[in-house]
Amino acid sequence: MRFNVFAVLGGSAATVAFLLHPSSALAALDAEASYVLNSFSFLIWGALVMWMCAGFTMLESGSVRTKNASVICLKNIGLYSIAGLMFYLVGYNLMYVDVSGWIGSLKLTYGVTTDEIALLGGDSSVAPAVLDKGYSTMSDWFFQMVFVATTASIVSGTLAERVNLWSFFVFIIALTGFIYPVVGAWTWGGGWLSEMGFQDFAGSTIVHSTGGWAALAGAIIVGARTGKFRDDGSVKTTPPSNVPVVTLGVFILWLGWFGFNGGSQLALAGATDAIAISVILSNTNLAAAAGVLFAIVLSRPVLGRVDLLAGLNGAIAGLVAITAGPDIVNHNWAIIIGGVGGIVCLFGMKFMEIIKVDDVVGAVPAHLFAGIWGTLAVCIAAGGNLFVQIVGVFAIGVFVFGISTVVWYIISKTMGARVAPMIEELGQDAGELGIEAYPEFVLMPEDD
Amino acid sequence: MRFNVFAVLGGSAATVAFLLHPSSALAALDAEASYVLNSFSFLIWGALVMWMCAGFTMLESGSVRTKNASVICLKNIGLYSIAGLMFYLVGYNLMYVDVSGWIGSLKLTYGVTTDEIALLGGDSSVAPAVLDKGYSTMSDWFFQMVFVATTASIVSGTLAERVNLWSFFVFIIALTGFIYPVVGAWTWGGGWLSEMGFQDFAGSTIVHSTGGWAALAGAIIVGARTGKFRDDGSVKTTPPSNVPVVTLGVFILWLGWFGFNGGSQLALAGATDAIAISVILSNTNLAAAAGVLFAIVLSRPVLGRVDLLAGLNGAIAGLVAITAGPDIVNHNWAIIIGGVGGIVCLFGMKFMEIIKVDDVVGAVPAHLFAGIWGTLAVCIAAGGNLFVQIVGVFAIGVFVFGISTVVWYIISKTMGARVAPMIEELGQDAGELGIEAYPEFVLMPEDD
Amino acid sequence: MRFNVFAVLGGSAATVAFLLHPSSALAALDAEASYVLNSFSFLIWGALVMWMCAGFTMLESGSVRTKNASVICLKNIGLYSIAGLMFYLVGYNLMYVDVSGWIGSLKLTYGVTTDEIALLGGDSSVAPAVLDKGYSTMSDWFFQMVFVATTASIVSGTLAERVNLWSFFVFIIALTGFIYPVVGAWTWGGGWLSEMGFQDFAGSTIVHSTGGWAALAGAIIVGARTGKFRDDGSVKTTPPSNVPVVTLGVFILWLGWFGFNGGSQLALAGATDAIAISVILSNTNLAAAAGVLFAIVLSRPVLGRVDLLAGLNGAIAGLVAITAGPDIVNHNWAIIIGGVGGIVCLFGMKFMEIIKVDDVVGAVPAHLFAGIWGTLAVCIAAGGNLFVQIVGVFAIGVFVFGISTVVWYIISKTMGARVAPMIEELGQDAGELGIEAYPEFVLMPEDD
């Protein structure tokens, strides 16, 4: 997000181009109006991104079996809380302050500046310095903070139904306080990948693939749910326990994504910003719609039935795919990028079963696989830098997957990453929380 | 929405008036600030309208029996996706571009203009031309696009539990790509009804009645659910399967309606717009509240009990009713218009049973009957043009109901509009999708 | 909200300060731009606060037993409707118009001004008078109106499962039409507590404690649910019937609170407002996150298990606690205030069981106890006025609890406050509404 897409207008033979988004190309707005609108844009779009956390929670609590639906709620509200505090304590500094290639500042806590406080106190001598920044310090912090939580949300879905609560929280501390901020420092923070020209407008790779890699590492170390992959090579189906709630989750994510991509323009200070955000929201919607429809239509031949979950995950995959370049001015490409994202996700879900990695909600296909596709698609569509994009995808993948594997390994060897078999059988709700998600409803005994 | 309400200030003896909303009466804001705020207003209110789609999904998936709760989720996310793509491919052009009385342009696809792209590329010579439009092209497209989806959502509710998935999608293609855009061309696009002076601020008739007529045609052609109307003349009650989810849906719709009506001011470029939108949101809320309370209170004598569903549908009917004239400056009239809307809906639900048309969620009473009332109420309250309003209601009704009947008829004679009796009995979730909405919950066998 | 926090910059030894928020300290924005942005800010944040009503509804309908889940939905949509109408009819005038110490105007109805109507009609001579107010009349009304509903929502949760529907609505009429507006007149309306210097930025006491006191009075008069407190001194556990829905409710509240606190800046007219709102949203989030985490961590030693409900209620308590002073510039204090709020709530829930007051959702601990803490914390953190804060908390407590007790008493002696034992046993859904929340799901017989 702290990063200008240096794409070529007019682009390749495909007549594709991504928008330049100079912070104030035309800028007839005066400094204070710009300041107000930029800050307000961060806050209002940021609030929508926070809402995505509720989306992940609904998606996940509807996807798991009823016996684990409460604990996934706690994991999600917990991860959002941890992400916010960690990004305040260390994350923002590490990601954005004094980034020298690889890493930012190790200073503790971030906050409103002394100039801003002075201005609030009536000292107008600091006004020029404050306005010169273009937006209020904490509006930017707020917007960046909710992004961290998104990354963390991806992990909880993949690892549901067997990772234990406190181990999960420990990993989230590492992810939100260190892993994600470092990836952010390399890119939006102005570090080495940014200098190479890596393009990822709102974070197909930086946010979504990072979450996906962390989830994948966890899924491998923690292992599959007991009985998911049978000895005879067959895979036990574990359908969502509450489909309307899953669907609600997807709609929430779709809505929140307007904030995720729209807010990543990082400004609302003139006509160019207004045009860009309008294009971004339109493309975001077109890509998601294409993700849904391509996945539904293709699910018939591929899976042998019209698959609702493929459609729902197709929306997310379409959204993830367009996230690296939602400012593309040829809307047909938005449709293709999103649609292919849906297809990538559909095949990815099959692929995960083949390699026997247990991803409860299909988060790795939707966020990692479609995220890689989207990051490469930026480049293809804009006609350049394929090498840089590949370097970025690869470097971030190696880093996040590597560190995450180490962290998950340490967790599993110390506090243990996985609940006891008895608790897994009984359900984490009763086993870890002593509460059931639907205590008054008669539930079916599980068949094995 | 592309339409100024030429209502009389001071109005009739009833001292009622609707607000004029000139795009920039006072307009101390400079061109670029206006451009930014107008565009942002489209986007942020439009995002709220998109959210209504989640509202319809929840309302409908909670209203149907559990055996059809998944397929209605798929229909809803599918219709939203189709609506977005169709409005991009053909709908917007047909509705708004070069409208000559009856119909707009047949050109394919719509998008960011070349001037806007040039401006983004740094060519400031085009700035005056861009700014002169007052808002970014795609912000307007985005806002209009989400309206199409609302129309389509109305149909899915009425026809739930028996229309088959792909037939439904085919109808939605026709509705969002042709039927609704033509109605829109006549009115907001500047066509013949607009020239006559037809008034429908945010679409009581244009959006809600259109959806209602299309749903009604479908309900007649497709027929009632098996066993809904018994041979002895009695009606089988089919209560909602998940009341909290239905209620959530109504709250979502209520929230989204602030965007629906507020955004239909189409501008945020000065004090007059700010005043108008404030009045609109306040009236929208008052009308919905009155719809709820009038319906609850009246449900006691009419239905013999305090009826939650009458109250919930009363909110929607109140919202639909005020939608044609939410800018009325006498707030007491907003209360009356909304309250009467709730009552119209209450009796409408009874009426539908009498004429034996099966509307699963009561969408026809809430959107069509209350929509007609609201469209006429504009006129009564503002003291004029009753004839024009009736012509508009009638013409749109004949057109939409006629074409929809033809389309549904063709569908039913070719691919078939209705699922096989066995699938209807079994439920569409298992029958069409091979998935259940609540697979772990023990469900009651249905009594006939 | 109509109230400036006269806190000391630099503050006490604790180096804490609250932001001054002068309406236009720097104000480079011209009058019309200010007017548009202030009004828009009221509307958009207000819409988010309305959304909190859906949050309370989900929280409560998921918390009650399934047999009472429909009636609580009706109570919530009903209370929101009543609140909106009452605040239009009498509440706003009583709270804000011509407040002379204790009470405002007794005039009926509130609405758009004649100057505003004239301006809309094209009479630009009134423009200076209109612009001088700084925001449109109804944008402010809309924002204040949704606050009333919040107060009312608190009561429905506490009294769920035994208070009868119409008695509840009668109390809500009194609460929203008289009790809350009087409290508001004393404070934000400029009355005697305001003149003393009572500080409550967005309503820890004015909104949340008021709701809490009203709920507490009701809980005492109406009494506990049958069988909740057993003769042997033990307490029957009544776990939530639908945990994902409760969690959704909390996320909705969290999102809505950004509007609740952010909008209470009451302006968006310059850099100082932008900075203040950014600080407010950041602190609001930090406090809620701390409320969650402190409560979860502490629930282990205190309750003997990691308690999801303590965490969820901790979020709300953290939000309530920070609401009195979300503009604090030392973010560490926001964390402490919110975290302590979560702890206060946790112990408060135990305390309620000890004093045998039955609060179904823990609204009294979360809104009243944490609200008192937050109101005192403003003062402690800013280094002054503890006496005034205590006076305010005490006076409002005595007034609201006293009047509420009287009203509940009258209700109980006339129409009866409580459903018949048979209906309580059967459930209010079947007993009062003739509808069940989940009619197709097999439910467990209740054990006593």
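This is a predicted model: local features need pLDDT of at least 70, side-chain atom pairs count only at pLDDT 80 or more; totals for chains, interfaces and linings use all residues.
Me: Why is M50(A) called buried?
Reply: A residue counts as buried if 20 or more other C-beta atoms lie within 10 Å of its own. M50(A) has 25 other C-beta atoms within 10 Å, so M50(A) is buried.

Me: Where in chain A is M50(A) found?
Reply: M50(A) sits in helix α1 of chain A, which covers residues 31-63.

Me: What makes V146(A) and L255(C) residues that M50(A) touches?
Reply: Contact requires that the C-beta atoms of two residues, placed from the backbone, lie within 7 Å. Leaving aside residues up to four places away in sequence, M50(A) touches V146(A) in its own chain and L255(C) in chain C.

Me: How far apart are M50(A) and G259(A), in sequence and in space?
Reply: In sequence M50(A) and G259(A) are 209 residues apart, and in space the distance is 9.1 Å, C-alpha to C-alpha.

Me: Which rotation superposes chain C on chain A?
Reply: Chain C goes onto chain A by a rotation of 120° with 0.0 Å of shift along its axis, at an RMSD of 0.0 Å.

Me: How many residues does each chain give to the contact of chains A and B, and which elements of chain B take part?
Reply: Chain B gives 58 residues and chain A gives 55 residues. In chain B, α1 (31-63), α2 (69-96), α3 (114-120), α4 (127-133), α5 (137-158) and α16 (428-433) each supply at least two residues of the side that touches chain A. The largest share, 17 residues, comes from α1(B). By class, that side of chain B has 38 nonpolar, 15 polar and 5 charged residues.

Me: Why is it said that the copies meet through different surfaces?
Reply: Only 7% of the interface residues of chain B are also interface residues in chain A, so the copies meet through different surfaces. For chain C the share is also 7%, and the conclusion is again that the copies meet through different surfaces.

Terms used:
Residues are numbered from 1 along each chain as its sequence is written. Chains are lettered from A and ligands numbered from 1 in the order in which they are written. Helices (H or I, at least four residues) and strands (E, at least two) are DSSP runs, numbered from the N terminus. Ala, Val, Leu, Ile, Met, Phe, Trp, Tyr, Cys and Pro count as nonpolar, Asp, Glu, Lys and Arg as charged, and the others, Gly among them, as polar. Copies are superposed by least squares on the C-alpha atoms of residues with pLDDT of at least 70 in both. A residue is buried if 20 or more other C-beta atoms lie within 10 Å of its own, exposed if 12 or fewer, and partly exposed in between; C-beta atoms are placed from the backbone.
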